[in-house]
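Here are my notes from going through the charged residues and the overall build. Have the structure open alongside as you read.

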Amino acid sequence: MSTDIELSEQVTLAHTQAQPLRIVGGNSKSFLGNATDGDSLDVRTHTGIISYEPSELVITAKAGTPLREIEAALHEHSQWLAFEPPHFGADATLGGTIAAGLSGPARPWSGSARDFVLGVRCINGKGEILKFGGQVMKNVAGYDVSRLMVGAMGTLGVLLDISLKVLPTVEQSLTLQFELAENDLSAWLRQWSSTALPLTAACHHQDTLRLRLSGTPSSLDAAHALLGADARVSDDQFWNDLREHRLSFFESEKPLWRVSLQGGAQPLPLHGDCLYDWGGAQRWLLSDERATVVRAAVEACGGHATLFRQADLDAPVFHPLPTGLRDLQRRVKQAFDPAGILNPRRFSPDW
Amino acid sequence: MKQRLISALKGIIAGDSLLTTTEQMRPYECDGLSAYRELPMAIALPKSIDQVKAILKTCCDLDIPVVARGAGTGLSAGALPLSNGLLLSLARFNQILEVDPVNRTARVQPGVRNLAISEAVACHNLYYAPDPSSQIACSIGGNVAENSGGVHCLKYGLTVHNIQQLTFLTMQGEEITVGGSGLDGPGYDLLAVMTGSEGLLGIIMDITVKLLPKPDVAEVILAGFDDVALAGSAVGLIIGAGIIPAGLEMMDNTAIRAAEAFAHAGYPTDAAAILLCELDGSREDVAAQTARVCELLNTNGATSLQRATDPAQRQRLWAGRKAAFPAVGRLAPDYYCMDGTIPRRHLPQVLSKIDELSKEYGLAVANVFHAGDGNLHPLILYDANKPGELEQTEAFGAQILETCIAVGGTITGEHGVGIEKINQMCSQFRAAELTQFHAVKHAFDPTGLLNPGKAVPTLHRCAELGGMHVHNGELPFPELDRF
Ligand SMILES: Cc1cc2nc3c(=O)[nH]c(=O)nc-3n(C[C@H](O)[C@H](O)[C@H](O)COP(=O)(O)OP(=O)(O)OC[C@H]3O[C@@H](n4cnc5c(N)ncnc54)[C@H](O)[C@@H]3O)c2cc1C
């Protein structure tokens, strides 16, 4: 029997018995989300690239396919996943990558995981195999359920197959380094905000601003001449380490917060060490402050905060929602998983 | 019921904000797809969000359906009024509330015209990228509701990729904000679900769009081909070479001649097809890419090549493409615009099928495509005054859409389902998926009063199309896939 039918039968059975399921991929992102329990539903057997058309810029693969296998196939044709997904481990699968919906340093300029999803086949909480979207770039038939699945941590459906838009790899990249105080960051951003720069990453930490530029060699030289810089580095090591949380910054026992807010916002009034990624729109904060304090400060700037690595802090992982939105999200969850069996509580403590 | 609705509305809006006579309502009887016409019970043109809330509550209490309308340029009868419903025009919400040049965002009301956003932020050297050909008229609220695209979407994405936050009202008048002030919002990605929801899930009241800095330079290349298939394969070659043009559009001979006569863009009227390729970015990147694209075009069958660098020249070359619909509109009393999207490699096959069908039905077709992303706009020429010709045209169009589905494509790339393609939804999706869509709708709108009957067909309707007998909503042999 094919693996998708097997998986759907397991979900159907669990649905009728109201038996919670814990969806398991490569376990590389098992640290993310609230604790969940249930029988494990292993999707790693559902693996393999189904189709890859380089000239169409589309790849379709089964959810259990290792991310590195996909990246290797794309690399052969000088293409890549332009949202630079973090792996967080050698066994990361495509399904886990999409379910977690994380994107790497290029995200503000190239788009996020959800921006690249063209279609999915999935199993809803009733065990039905459903297909949404497709393999074409533009598709507005029906609600955009494919993108809804991104970042839902498996709580709306078990991903089976995923079609992604892919892009040609960049010709060349270089990193420029500047000395810049944290308080001067927003002024710097203001100065350059209306200039078209070939930016593909921007990070600030401990008085150093790093910019990655990508393009043809001559356009990189031109941008370097325009921006100036204190140092110029040609390898991508820093950005890979940032994406995979291997920088020494991340070696800490403190709770790690992911803060999403406006790039140009001022430093947050919170104790701790802050690393600005995505030109400031994604901040990594190591802080001992209470969860409610962190969240109140972030909310005051219109953002939201995820408790990315807990260090035993007792707080919901994802930012609590205002009542109206929370009720709507609960109804959406029920629309896909009426018995509440898919990764219960992993996404929201309420369901 | 109509009288009850009108007297209740009079307590909320008055004067020219409430239209109730046939004469007043006539201009609103259809959207851009004028084959479908209907008059609503009344039309409300509120000015404040509190008025909209009160109107929705009233309709909720009276159990009256509500159809939202932006600028009415939609091409799938999404904003078609319902005879037993209220038409809610958002046209008076036309203010740009805030421009944030540092974060490159603008907060706008739903009735703001697409082009007005780019005009308002031009002083910051910024613009809003999605540019539907209807951009001088269509509203941003309508763009969100349809997930509209434009000629620059190949590189810069559709509406869904270019908005950050939305506030919408539920049928009960509750205000809900989705997305975030940063690049993502908390919880499920309901911003994605709202985008393209065709007025079925909520009334969009406030939109934060992303802005981009204008590229340093742009160059447009116009290539003529004496074979449509060659033009099609050149598209694959350009993208295969690792170049993502800002726009990559194709027109066939009928469309070229119509556009040239209308806009005098300097198109080669003897060509079987033209490609318009725009490259933008830094001076150095554009120079390198232009050289490469010209080389690819020359070695792969282009019979003519023009290049435009200065804004006036570029605008002239685009003018023909942007005016393609009205230009084709002069070739026949009426035209019917299709919107299927296919994997690009099937372009030659689908084009010859369209050609075949055109002969079979005796109806001419002009083809305009967003070639880079495989989005086809065959324009079927017909005369609505000839008895039976509209029906023939619709049957022809339906077959084109079935062809798109058969090659792995979709029935609509950017114009939406509305009423127009509701039957083809039964071909593209199975009962289980349609049921899931209805469940999503129910989660957002338990009353079912927002734009009912559009976008997602009932199972009953699909079953009837298939000629099946449905009793009490039950399908015979429910275990079988038939949709
Ligand atoms: C000549 C011409 C060229 C076109 N070119 C393109 C093109 O290049 N690309 C493209 O994608 N489209 C194109 N279109 C189609 C059309 O312009 C788009 O679909 C546009 O987004 C519709 O906007 P509107 O304000 O006119 O919406 P309307 O037609 O008024 O409404 C469209 C749908 O949105 C809903 N709606 C409107 N406002 C709201 C709101 N505030 N809240 C909730 N629902 C709402 C309506 O109920 C309806 O279902 C073209 C149309 C014409 C006539």
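1. Start with a pair in chain A: the side chains of A:Arg232 and A:Asp221 form a salt bridge, at 3.2 Å from N to O. A:Arg232 sits in strand E13 (residues 231–233) and A:Asp221 in helix H8 (residues 217–227), so this contact ties together parts that are 11 residues apart in sequence. Keep in mind that this is a predicted model.

2. How open is that pair? A:Arg232 comes out partly exposed, with a relative accessible area of 43%. A:Asp221 is partly exposed as well, at 40% relative accessibility.

3. Now for a buried example. A:Arg114 and A:Asp115 make a salt bridge, with 2.9 Å between the closest N and O atoms. Both A:Arg114 and A:Asp115 are buried, which means under 20% relative accessible area.

4. Chain A also has a linked set: A:Asp4, A:Arg121 and A:Asp161 are joined in a network of salt bridges.

5. Over in chain B, have a look at helix H13 (residues 347–361), which holds both B:Lys359 and B:Asp355. They are four residues apart, about one turn of the helix, and they form a salt bridge with the closest N and O atoms 3.4 Å apart. B:Lys359 counts as exposed because its relative accessibility is 62%, against the cut-off of over 50%. B:Asp355, at 42%, counts as partly exposed.

6. How many salt bridges are there over all chains? The count comes to 36.

7. Some acidic residues are worth a look too. A:Glu179, A:Glu182, A:Asp184, A:Asp207 and A:Asp230 form a negative surface patch. One of them, A:Glu182, is in the loop between strand E10 (172–179) and helix H7 (185–192) of chain A. Its relative accessibility is 31%, so A:Glu182 counts as partly exposed. Patch members need over 30% relative accessible area and no salt bridge.

8. Finally, the overall build of chain B. Its secondary structure comes to 17 helices and 18 strands, and its C-alpha trace spans about 70 × 55 × 45 Å along the principal axes. Does the radius of gyration of chain B agree or disagree with a compact globule? For 483 residues such a globule would have a radius near 23 Å, and chain B has 23 Å, so the two agree. Buried residues make up 59% of the 483 residues in chain B.

Conventions: Residues are numbered from 1 along each chain as its sequence is written. Chains are lettered from A and ligands numbered from 1 in the order in which they are written. This is a predicted model: local features need pLDDT of at least 70, side-chain atom pairs count only at pLDDT 80 or more; totals for chains, interfaces and linings use all residues. Side-chain values use heavy atoms; hydrogens and water are left out. Patches are made of residues with over 30% relative accessible area and no salt bridge: like charges are joined within 9 Å, nonpolar side chains (Val, Leu, Ile, Met, Phe, Trp, Tyr) within 5 Å. Accessible areas come from the Shrake-Rupley method with a 1.4 Å probe; for residues, only the protein chains shown count as cover. A salt bridge is a side-chain nitrogen of Lys or Arg within 4 Å of a carboxyl oxygen of Asp or Glu. Lys and Arg count as positive and Asp and Glu as negative; His and the chain ends are not counted. The place of a charge is taken as NZ of Lys, CZ of Arg, CG of Asp or CD of Glu. Helices (H or I, at least four residues) and strands (E, at least two) are DSSP runs, numbered from the N terminus. Buried means under 20% relative accessible area, exposed over 50%, partly exposed in between (1.4 Å probe, protein chains only). The radius of gyration is taken over C-alpha atoms; the globule rule is 2.2 Å times the number of residues to the power 0.38.
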